[in-house]
Amino acid sequence: MKIAILTSGGDSAGMNAVVRSVVKTGIIKGCEMWVVREGYEGLVRGNTEYFEAHGSDAPSLNTERTSAAPDGPTLDIVNSLRFGDGNLLRDGTCDYTGGRTLNGRYIVRVGFDDVRGWFAEGGTLIGTARSKAFRTPEGRLTAAHNLIKEGIDALVVCGGDGSLTGADVFRAEWPSLVAELVSQSKITEAQAKEHAHLKIVGLVGSIDNDMSMTDTTIGAPTALHRICEAIDNINSTAFSHSRAFVLEVMGRHCGWLALLAGVAGGADFIFIPERPPKSLPWEDEMCAAIQHHREVGKRKTIVIVAEGAIDCELNPIKAEHVKDVLTERLGLDTRVTTLGHTQRGGRPCAWDRILKELHSHKPIKPTLQGVEAVSALLEATPVTPSYMIGVQENKITRVPLMEAVKMTQAVAQAVKDKDFEKAMSLRDPEFAESLDGFAATSTLVKEPVLPREKRLRIAIMHMGAPAGGMNAATRTAVRYCLRQGHTPLAIQNGFRGLLDDNIIQLSWLGVDSWMARGGSELGTNRALPSVDLGAVASSFQKFNIDALMMIGGFEAFNALLILEEGRKHYPAFHIPMVHLPATISNNVPMTEFSLGSDTSLNALVDACDAIKQSASASRNRVFVVETQGGKCGYIATMGALATGACIVYTPELGMNLDMLRRDVRFLKTRYSLDEKGKSEGRLVIRNEAASSVYTTEVLTNMFKEEGGSLFDARSASLGHTLQGGVPSPIDRARAVRLSLKCMAFIEQHHGLLQAQPAKTRQATGESAAVITIQSSSIEWVPVQEMLKHADIKNRRGKHSWWEGVTGLVEALVGRPSLK
């Protein structure tokens with residue numbers, strides 16, 4: 001099969017990762033892979049201009065293979081390494097002095113190496129354009145002719161709802177277009193029979209995250225990163241001058257960016273199309289909220305306005321008007337910042353690279369989004385619908401493309417009809433939860449929600465190593481507690497601090513700046529309650545603790561297990577107790593993600609991008625990069641996928657001599673296939689505990705010795721840099737969502753306890769639980785149940801959803817075909 005991929009509409013970070021993934025997957029599956037430059041406009045132009053300029057008998061550059069197969073491997077991947085245009089596409093040039101050109105060529109064949117390194121580039125290297133010609137029947141007829149001339153009848157379209165709608169229209173018209181081409185004698189009956197049906201699959205590229213039936217679209221996480229970086233930078237100057245800032249972000253019909261930026265950036269007020277202020281004039285509602293914040297001593301104000309923001313009568317709400325209101329009515333020194341196209345630019349974040357490559361059909365069987373797109377094409381029949389590849393949490397989905405488009409358009413129509421409740425219901429459930437989360441963390445109430453008899457004293461503790469998102473989760477819990485009327489008690493320095501009476505009450509304003517702070521503001525260590533369980537119980541009684549929330553990694557899981565078992569002897573532990581997983585190792589059993597793992601992955605990606613740049617500059621250098629992670633290989637494995645590493649070593653798989661021999665052979669073979677003088681720098685990622693014998697130093701020296709004249713080797717240890725830094729927006733938003741669910745869990749189980757007779761009151765096993773993300777849902781797992789799934793010795797789960805990713809890392813560098 002010949003498959004072409006195009007990017008259309010607005011560009012977004014991650015599009016290049018999609019192109020890379022689809023191209024490499026298609027070649028691995030034995031397909032011919034093509035890219036279409038400049039979106040649908042490229043389909044209409046085809047390669048006609050090239051042949052008109054060079055004559056109809058000019059050689060087709062698309063058939064010239066520039067990679068030479070060595071004497072050894074002769075599989076398809078070796079014969080499809082390069083077709084000569086990879087550097088032209090990546091550099092953005094159209095001509096080489098030697099005569100190679102892309103001028104007039106819009107449908108271009110590409111090889112395995114032609115797209116190497118693309119995942120680290122922002123935007124789309126194959127270009128995008130809005131095509132007026134393709135919207136006409138004549139333009140689509142020309143596009144069909146151009147595809148058939150190249151023998152292509154399978155198309156991957158990466159774009160927004162308009163681009164995907166165009167793809168479905170193209171597919172529906174295809175039989176009539178083919179018939180028209182036959183009648184005009186532009187193609188033969190044999191060609192018409194061979195290309196009777198067009199196969200289409202859609203991948204959603206949109207920074208607005210405005211497509212229904214999928215949680216995340218390509219480029220949205222990176223755009224959120226850009227916005228939060230701007231907010232973090234603005235916060236310091238706003239605080240210095242006690243100013244207000246109004247930020248305008250993209251989102252014409254969808255408020256996802258404004259909403260998530262408001263949650264992750266700690267904004268005071270947001271305006272989004274789906275849920276405008278309920279009252280008119282809306283200025284009163286905004287000013288009342290911000291004035292209350294100022295009265296308690298807050299020095300800075302952040303208001304975020306989506307570009308499509310409206311009031312309940314559909315009148316536009318503009319950033320400049322918001323600024324005028326804050327200046328005139330509250331007397332605030334106010335500035336406007338319009339982020340504009342900076343939101344689209346820059347390197348993709350780790351999630352936008354991985355999301356475009358990795359999702360799972362089943363637990364422990366990950367696959368590529370690119371693989372899914374190619375598989376959908378290979379499995380397509382004339383009667384199957386065009387599919388859109390969607391995402392729900394960590395699960396990939398195939399949904400009929402037009403169903404998703406119609407639901408997306410239904411949101412805009414509901415807003416137009418002023419049916420805002422319907423608009424909210426058509427968004428995914430996480431959207432509504434995020435809006436509730438923003439309200440819970442930004443609203444400062446004058447009177448608590450709950451009556452006094454239902455108010456609790458809730459202790460919050462950090463455990464284990466620090467992780468990004470710990471402080472964001474704590475800030476959320478504190479503000480929720482204060483809104484409800486609970487007393488939030490911060491236990492400083494873990495169980496040791498508890499025994500030393502290091503407990504303080506936190507305030508609404510005191511945690512205001514914690515959202516963007518890395519590490520642990522409460523202090524953390526690995527001490528378990530077993531250090532003196534009786535004294536811990538006594539401290540619970542002394543401070544009248546009604547509930548406990550622990551934020552941490554495997555130590556917090558162990559601590560919860562100890563406390564739950566301690567209920568047999570200590571009545572003080574008969575309270576709701578929850579564990580919110582937070583660890584860069586992501587080693588807590590049964591949950592697919594922990595707070596801090598995304599922040600750590602981004603730190604690894606940033607470091608490896610810089611290291612790979614150095615390695616590539618040296619042309620033939622291999623870098624062995626050592627990561628943290630303990631006995632869990634999550635960070636190493638997912639980092640390898642996100643950075644294009646060619647080998648990854650993890651504790652789960654271990655290391656042995658036979659493995660190392662195979663790895664050396666692979667590196668030698670791969671470097672021998674590189675274009676002379678243009679060898680790529682390559683990464684080998686090793687988890688710190690992959691082997692106690694084959695250390696990073698041993699591995700580096702071995703590669704250096706065995707590489708000979710083909711390649712050199714160096715090493716780099718990332719160490720504790722993976723723990724530090726500003727938490728990623730995904731970790732912050734996830735912290736808010738999970739923390740609020742922890743608070744609701746505590747209130748629910750406290751209510752169940754209170755319903756029991758006071759003298760015989762006992763907490764059930766379900767009241768000591770861990771909050772987990774499992775596939776497309778959030779689940780509570782009692783700690784005793786989680787124990788069954790834990791590998792206590794190695795401090796990780798017995799099974800992990802990402803276990804098969806190592807094979808995918810190898811597939812994307814062509815290793816299975818180069819044995």
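Predicted model: local features only at pLDDT ≥ 70, side-chain atom pairs only at ≥ 80, totals over all residues.
How are α23 and α28 oriented to each other?

Residues are numbered from 1 along each chain as its sequence is written, and side-chain values use heavy atoms, without hydrogens and water.

Helix α23 (residues 634-643) packs with helix α28 (residues 805-812) at an angle of about 25°, and their axes are 9 Å apart. The two are therefore roughly parallel to each other (angles under 35 degrees count as such). Helices here are DSSP runs of H or I with at least four residues; axes are lines fitted to C-alpha atoms over the stretch in contact, with angles from 0 to 180 degrees between N-to-C directions.

The contact (heavy atoms within 4.5 Å) involves T637, M638, A640 and L641 of α23 and V805, T806, V809 and L812 of α28. By class, 6 of these residues are nonpolar, 2 polar and none charged (Ala, Val, Leu, Ile, Met, Phe, Trp, Tyr, Cys and Pro are nonpolar; Asp, Glu, Lys and Arg charged; the others, Gly among them, polar).

## Cavities

There are 5 cavities of 30 Å³ or more. A cavity is a set of points on a 1 Å grid where a 1.4 Å probe fits but cannot get out, and lining residues have an atom within 4 Å of a point; a volume is the space filled by probe spheres set on the points.

The largest cavity has a volume of about 140 Å³. Its lining has 15 residues, of which K24, G644, E680, R682 and V813 are the closest to its centre. The lining comprises 5 nonpolar, 2 polar and 8 charged residues.

Terms used
1 Å grid on protein atoms, 1.4 Å probe; cavity = no way out; pocket = protein on both sides within 12 Å on 5 of 7 lines; lining within 4 Å. Parallel < 35°, antiparallel > 145°, perpendicular 65-115°, else oblique.
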